[in-house]
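Student: I would like to learn how to read a structure like this one, feature by feature. Where should I start?

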Amino acid sequence: MATKNIHDDTIAAISTPPAGEGGIGIVRLSGGSSLSIADKIFQIKHTVDSQPSQDTHNAQNQEFSPETCSSPERPSGFLSHTIHYGWIVENTNGSSSVIDEVLLTVMHAPRTYTREHIVEINCHGGQGVLKKILELCLKHGARIAEPGEFTKRAFMNGRIDLSQAEAVCDLIRARTDKAAAIAASRIKGRLSQKIKDTRNKLLNLTADMEVSLDYSEEDIQFSTPQDTLNSIRSIRTDLQELVEASQKANVYTDGIRVSIIGRPNVGKSSLLNSILSEDRSIVTSEPGTTRDVVSETFNLNGIPVTIMDTAGIRSHYSSRLEYLSSERTQSAIEKSDIVLFVMDASQGASEEDGLVTKLINAANTEKVILVLNKTDIKPVTKSGGDIFKKISREISADCTVQCSALSGKGITELENAIYKISTCPAAETSNPPRGCVSTGGSPDISSSSIIANARQVQSLVKAAKQLEEALSALHNKHAPEFVVIYVRSAIDCLGEIIGETTTEEMLDLIFSKFCVGK
Ligand SMILES: Nc1nc2c(ncn2[C@@H]2O[C@H](COP(=O)(O)OP(=O)(O)OP(=O)(O)O)[C@@H](O)[C@H]2O)c(=O)[nH]1
Ligand SMILES: [Mg+2]
């Protein structure tokens with residue numbers, strides 16, 4: 001069954017992870033020639049003992065057409081949405097050799113992921129087999145798929161809109177259950193529906209305003225300026241609430257980066273190991289053990305946290321290696337959403353701690369936690385506490401946590417502090433820093449939540465801003481034509497979210513982030 005949407009070229013890719021071994025691997029074909037390509041490489045197996053026939057070359061040169069569909073032995077003759085057991089064979093010079101024993105699924109357009117004919121070959125999961133089967137598909141006329149091209153076709157063929165397509169990528173990339181729940185809600189189309197409804201309301205509003213403009217001479221009033229103002233205000237508030245809820249939730253999808261900074265030997269690597277409950281970074285009693293950035297990602301109540309242990313900050317470099325290490329530490333600070341400034345509570349402040357303070361202030365770091373480590377050796381005294389309080393003020397620390405990386409005391413409090421700061425109120429900005437989200441507290445995330453991703457939030461913010469302009473034009477009694485221009489612009493911004501008004505470059509950028517085979 002062909003539809004006008006089927007692309008002329010058929011694409012193929014390995015849809016399972018591109019490295020390593022797995023029990024099963026999948027090669028996927030999509031496009032008008034999927035079935036005829038499958039005809040040339042698949043041989044059905046009727047019994048467990050049967051071997052592939054040596055005479056498959058007759059089937060080879062036949063293109064897929066309704067006439068060749070009739071054979072129940074060949075993929076082009078299989079019923080749609082059926083799965084078949086057989087061999088993948090390679091025919092060369094009249095003889096055939098077996099590549100793998102497989103299950104082949106046939107799905108006819110348009111009831112497929114891409115709305116094109118799809119063939120999926122479930123083979124064994126070794127890279128050698130997968131690459132060989134892909135190579136055979138290419139040899140018989142398929143072209144290698146670009147990243148995200150199957151999903152791009154689903155979008156281009158109208159099966160899903162852009163926000164749902166992006167959600168597929170977000171779901172694959174989700175590192176925690178909460179991130180997965182957010183992506184799942186977008187795949188279901190809840191965000192799309194909300195955006196479509198809001199756009200429709202604005203379209204009706206502009207239609208109303210334009211008609212009243214056309215009949216302005218005739219004293220027919222379709223909606224009063226006050227009605228228009230109320231409607232725009234309510235939609236703008238709605239969009240702002242969506243922006244806020246999304247910013248609050250996106251820390252669960254985007255994650256945060258936390259760096260551990262301090263002078264040598266204060267226990268930075270010990271802290272990393274204690275947080276990860278793993279012997280990840282080398283710890284010795286010699287100052288200067290860590291030379292490079294050691295990073296790892298862990299799940300903090302649903303937030304993917306990438307934590308970075310760094311080389312200690314020194315006042316002098318005695319080697320080029322130490323200098324290069326310090327450059328990496330600085331770059332880690334700059335990449336961080338939260339900095340953990342670690343000090344040795346048993347020793348108090350030193351000249352090098354002052355350098356760390358300067359570095360943190362120079363980097364204009366958003367969030368800092370002062371960590372007073374080694375409290376098992378000596379608890380923080382009143383006079384020591386005053387020094388630490390002064391430092392805390394100097395770096396505008398969000399909080400101070402006392403702990404012992406050695407005994408584990410205070411580590412849970414430190415994790416709680418990181419979590420709390422990650423979900424803290426953000427400054428009102430159109431492009432908030434990663435990891436800093438809005439209006440405090442853990443958001444209630446489920447597959448029914450409506451949450452926009454960072455790109456979509458930008459479009460929502462732009463739309464809300466245009467509505468703001470429309471409101472001020474109405475307030476200032478500007479000509480209705482101006483109001484219409486702003487509202488139309490807001491409609492376009494919302495269109496970017498679902499792909500109604502998205503440019504080709506935007507689409508290329510969005511789909512380039514996908515993995516190959518999806
Ligand atoms: N008593 C005690 N010792 C600690 C604690 N944390 C770290 N240490 C010890 O302090 C020494 C240095 O620890 P590291 O974790 O390597 O310190 P670092 O800050 O990573 O050091 P560099 O990589 O050299 O900058 C080691 O002997 C640790 O066992 C702690 O909480 N209490
Ligand atoms: Mg270290």
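Student: What does the confidence look like across the chain, and which elements have the lowest and highest mean pLDDT?

Tutor: Begin with the general idea: where pLDDT is low, the predicted coordinates should not be read in detail. This is a predicted model, and the chain averages a pLDDT of 87, with 87% of the residues scoring at least 70. Two stretches call for care. Residues 1–5 have pLDDT below 50, and this stretch makes 9 contacts beyond near neighbours in sequence. Residues 426–440 are also below 50, and that stretch has 44 such contacts in the model.

Student: Which protein atoms are donors of the magnesium ion?

Tutor: As background, ideal angles at a metal are 109.5 degrees for four tetrahedral donors, and 90 or 180 degrees for six octahedral ones. Here the protein donors of the magnesium ion (ligand 2) are OG of S269 and OG1 of T290, lying 2.0 Å from the ion. S269 belongs to helix 10 (residues 268–276) and T290 to the loop between helix 10 and strand 9 (294–300), so the pair ties together parts that are 21 residues apart in sequence.

Student: Are S269 and T290 buried or exposed?

Tutor: S269 is buried, and T290 is buried as well.

Student: Which residues come nearest to ligand 1?

Tutor: List the surroundings, then look at individual polar pairs. There are 23 residues around ligand 1, of which K268, S270, G288, T289 and D376 come nearest. For T289, a polar backbone atom is 2.8 Å from an oxygen atom of the ligand. K374 uses its side chain: a polar atom there lies 3.1 Å from an oxygen atom of ligand 1. T284 has a backbone N or O atom 3.4 Å from an oxygen atom of ligand 1.

Student: How many residues are in the largest nonpolar core, and which of them touch the most other members?

Tutor: Read a core by its members, then by the elements that supply them. The largest has 33 residues, and L271, I307, L340, I369, L414 and I418 touch the most other members. Elements giving two or more residues to this core include strand 8 (256–261), helix 10, strand 11 (338–344) and strand 12 (367–373). Helix 14 gives the most, with 6 residues. Take L414 as a case: leaving out residues up to four places away in sequence, L414 touches L271, I275, L340, I369, V371 and V401. A second, separate core has 31 residues, including L191, A452, L474 and A490.

Student: What does L205 touch?

Tutor: L205 lies in helix 7 (residues 190–214) and counts as buried because its relative accessibility is 13%, where the cut-off is under 20%. Not counting residues up to four places away in sequence, L205 touches T228, S231 and I232. L205 and T228 are 23 residues apart in sequence, with their C-alpha atoms 7.3 Å apart.

Notes. Residues numbered from 1 in each chain as written. Chains lettered and ligands numbered in written order. Predicted model: local features only at pLDDT ≥ 70, side-chain atom pairs only at ≥ 80, totals over all residues. Heavy atoms only, no water. Donors = N, O, S within 2.8 Å, 3.2 Å for Na, K, Ca; no water. Helix = DSSP H or I, 4+ residues; strand = E, 2+ residues; numbered from the N terminus. Buried < 20%, exposed > 50% of the residue type's maximum accessible area, 1.4 Å probe, protein only. pLDDT = per-residue confidence, 0-100. Contact = heavy atoms within 4.5 Å. Core = buried A, V, L, I, M, F, W, Y, C linked by side-chain atoms within 4.5 Å. Near = heavy atom within 4 Å. Polar contact = N/O pair within 3.5 Å; in protein donor to acceptor, adjacent residues only side chain to side chain.
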